[in-house]
Amino acid sequence: MKSIKTVLLALVLGAVTISCSGDKKKGVDYNQFKTEVKLTPEQEKSFDEITTKYQQLQEQNFQAAKAQGGNMDRVALGIKGEELRAQQAIEMAKVLDVPQMEKFNKFVDENSRKRPRYDNALLEKIKAEAQLSEDEFKMVNAANDAFEKAFNDAHDVYHGNNDLAKEYWEKFDAQRKAAIQKALTPEHFTKFEEIVKDVQFKGRK
């Protein structure tokens, strides 16, 4: 079994690293959501206050990351974005009713920039159903982290071009799977492939 460092190095070597400057991001258009769901005046007031608050926090995080220039850490930025969306959902659940909240969560999920990786729920499913040892699971996590870093490091090359982004995603995904295959037993890797078979690149709307 290869070391985690070897797996990380093999995967990240394929990345194209370019300093990130002048990156214009597109945030979630919450006004669009308000055209799809009927809110009371009281709900709309609270809705606007909450979304404005978290958009400002997201912008602060983005500007702080952007200030790092070529050292912009998109992985860390993505983690912070996930945390803010989770906190926003908690506050929003106190304002919207259950059907409205279901639509809100779906809207945010479809329109937010998500981390390009196996998420925690899928990782836990892989560990349990493929019956991975702790060492095997560490290698899967290492390859997954390296995949995310490689894809994010190539951001300025494919930015704004979904077709090119898809090419990079598939390239790094193949490297991720190759690294994982070397770390798992044949039986465990077969089960792993079955679990992730539907994981594909998803461009933003």
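**A helix and its surroundings**

Mentor: At 40% relative accessibility, asparagine 162 counts as partly exposed, a class lying between buried (under 20% relative accessible area) and exposed (over 50%), with a 1.4 Å probe and protein chains only. The model is predicted, so local features need pLDDT of at least 70 and side-chain atom pairs pLDDT 80 or more, while totals for chains, interfaces and linings use all residues. Residues are numbered from 1 along each chain as its sequence is written, and side-chain values use heavy atoms, leaving out hydrogens and water.

Asparagine 162 belongs to helix α9; helices (H or I, at least four residues) and strands (E, at least two) are DSSP runs numbered from the N terminus. From C-alpha to C-alpha, asparagine 162 lies 5.8 Å from glycine 203, although 41 residues separate the two in sequence. Helix α9 covers residues 162-183 and also holds tyrosine 168. With a relative accessibility of 15%, tyrosine 168 counts as buried. Its C-alpha is 9.3 Å from that of valine 157, a residue 11 positions away in sequence.

Another part of the protein shows how two helices meet. Helix α6 (residues 120-129) and helix α7 (residues 134-153) have axes that come within 10 Å and cross at roughly 150°. These axes are lines fitted to C-alpha atoms over the stretch in contact, with angles from 0 to 180 degrees between N-to-C directions. The two helices, α6 and α7, are therefore roughly antiparallel, the term for angles over 145 degrees. From α6, Leu123, Glu124 and Lys127 meet Glu134, Phe137, Val140, Asn141 and Asn144 of α7, where contact means heavy atoms within 4.5 Å. The contact of α6 with α7 comprises 3 nonpolar, 2 polar and 3 charged residues; Ala, Val, Leu, Ile, Met, Phe, Trp, Tyr, Cys and Pro count as nonpolar, Asp, Glu, Lys and Arg as charged, and the others as polar.

The whole protein supplies the setting for these details. It has 10 helices and 0 strands, and its pattern along the sequence reads α-α-α-α-α-α-α-α-α-α. Among contacts in the protein with a separation of 6 or more, 75% join residues 24 or more positions apart.

Note on methods: Angles under 35 degrees count as roughly parallel, over 145 as roughly antiparallel, 65 to 115 as roughly perpendicular and the rest as oblique.
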